[in-house]
Amino acid sequence: GFSGDLLIFGAIANFPGISSVGYSDSFNDAAYAMYSGVVPILLMYNEQFPAHYSPLTRTDGTNRREYNYIENSYYGDINSREGINQSLLNAGYYPKTTNVFRFAFPNH
């Protein structure tokens, strides 16, 4: 499931308790997934990181950077080992244009 410290998303389907994985470009789908208890993983980029993934923590269902928040692990609290909740605008990231979201759906 990993290559170094990078998660290989396709391997998640084989994790215990996961029924399927999916991809989407819709921020509205991401909002619905969050409402249903599924955490969307956002694929984004900036000049330093051409492909970076983070959990989406809040969205208004649009792709506007100021209304989409991630758990930003690069600016985290070293004592708690948690990232900070930060908008894409403040974090300096842009969403990719295809396969923007990854979802892992649990067994029910």
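A polar contact here is a pair of N or O atoms within 3.5 Å; within protein, one must be able to donate a hydrogen and the other to accept it. Keep that in mind for the first stop. The model is predicted.

**Stop 1: Thr59**

Select Thr59. Thr59 sits in the loop between strand S5 (52-58) and strand S6 (69-77). Now show the side chain of Asn68. The side chains of Thr59 and Asn68 make a polar contact at 2.4 Å.

Is Thr59 buried or exposed? Thr59 counts as buried, because its relative accessibility is 17% and the cut-off is under 20%. Beyond neighbours within four places in sequence, Thr59 contacts Phe27, Ala31, Met34, Tyr67 and Asn68.

**Stop 2**

Center on Leu42. Leaving out residues up to four places away in sequence, Leu42 touches a list of residues including Phe27, Leu56, Ile70, Leu88, Val100 and Phe101. His52, Tyr53, Ser54 and Pro95 are also among them.

**Stop 2: Asn99**

Move to Asn99, in the loop between strand S8 (94-95) and S9. Check the backbone. Most residues other than glycine have a negative phi. Asn99 is not a glycine, yet its phi is positive, about 50 degrees. With a relative accessible area of 38%, Asn99 is partly exposed.

Notes:
Residues numbered from 1 in each chain as written. Predicted model: local features only at pLDDT ≥ 70, side-chain atom pairs only at ≥ 80, totals over all residues. Heavy atoms only, no water. Helix = DSSP H or I, 4+ residues; strand = E, 2+ residues; numbered from the N terminus. Buried < 20%, exposed > 50% of the residue type's maximum accessible area, 1.4 Å probe, protein only. Contact = heavy atoms within 4.5 Å.
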